[in-house]
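Here is a short briefing to read beside the sequence and the model. It starts with charged pairs, then turns to the fold and the core.

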Amino acid sequence: MSIWWSLHLRREAASVPLARRLLLGTMETAGVDPDISYDLSVALTEACANAVEHGGDTGHGAATGAYRVTAYLDGEKCRIEVADSGPGFPSGRARPPLRPARADAEHGRGLCLIQELADHVRFDNEPGRGGGAVVTFDKILKWRKDAPLMAV
């Protein structure tokens, strides 16, 4: 069984818990193990928070007010993609530099957390006009014993 959904959200702080609750609800309904659901929800929260904070200045003097979240539960894997319309990651880098932030830092830990919580992570820039950052991460799913939508 496959489930997918996509949201087009405003770059507002209130959109972050909305995306997280939708993901958690989908995973609970499908029967995904709560620990896996929690890890993915934290990673999604970090990716959305980055899109809200950094994803609107296009570098051309125009700001955009939206970002996109897409989630796929397909077989034994979940893939989540968060794409914004901002300036993207610095040019010439396959991925942003991931350096651990200080333990007491309030900023700069999101991308590292995503990388720690997911099995595979990609940091790209949106091809074509306008650009924007795209963070995609995958995690192998574990299922509850009573999972109604368990992959077979």
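Arg144 is partly exposed, with a relative accessible area of 24%. In this predicted model, its side chain meets that of Asp146 in a salt bridge, 3.0 Å from N to O. Asp146 counts as exposed, at 57% relative accessibility.

**Other salt bridges**
- The count for the protein is 5 salt bridges.
- Glu81 and Arg68 pair through their side chains at 2.7 Å, N to O.
- This pair links distant parts of the chain: Glu81 lies in strand E3 and Arg68 in strand E2, 13 residues apart.
- Glu81 is partly exposed at 22% relative accessibility, and Arg68 is partly exposed at 30%.
- Glu12 and Arg10 form a salt bridge at 3.8 Å, N to O.
- Glu12 is partly exposed at 40%, whereas Arg10 is exposed at 58%.

**Fold**
- The protein has 3 helices and 5 strands.
- Their order along the sequence is β-α-α-β-β-α-β-β.
- Residues 24 or more positions apart supply 65% of the contacts with a separation of 6 or more.

- Of the 152 residues, 40% count as buried.
- The largest nonpolar core holds 38 residues; Leu40, Leu44, Tyr67, Ile80, Val82, Phe137 and Leu141 touch the most other members.
- Helix H2 gives the largest share of this core, 9 residues.
- Leu141 touches residues including Met27, Val32, Ile36, Leu40, Leu73 and Cys78, leaving out residues up to four places away in sequence.
- The accessible surface comes to about 8700 Å², with 53% belonging to carbon and sulfur atoms.

Notes:
Residues numbered from 1 in each chain as written. Predicted model: local features only at pLDDT ≥ 70, side-chain atom pairs only at ≥ 80, totals over all residues. Heavy atoms only, no water. Helix = DSSP H or I, 4+ residues; strand = E, 2+ residues; numbered from the N terminus. Buried < 20%, exposed > 50% of the residue type's maximum accessible area, 1.4 Å probe, protein only. Contact = heavy atoms within 4.5 Å. Areas by Shrake-Rupley, 256 points an atom, 1.4 Å probe, with all protein chains shown as cover. Core = buried A, V, L, I, M, F, W, Y, C linked by side-chain atoms within 4.5 Å. Salt bridge = Lys/Arg side-chain N within 4 Å of Asp/Glu carboxyl O.
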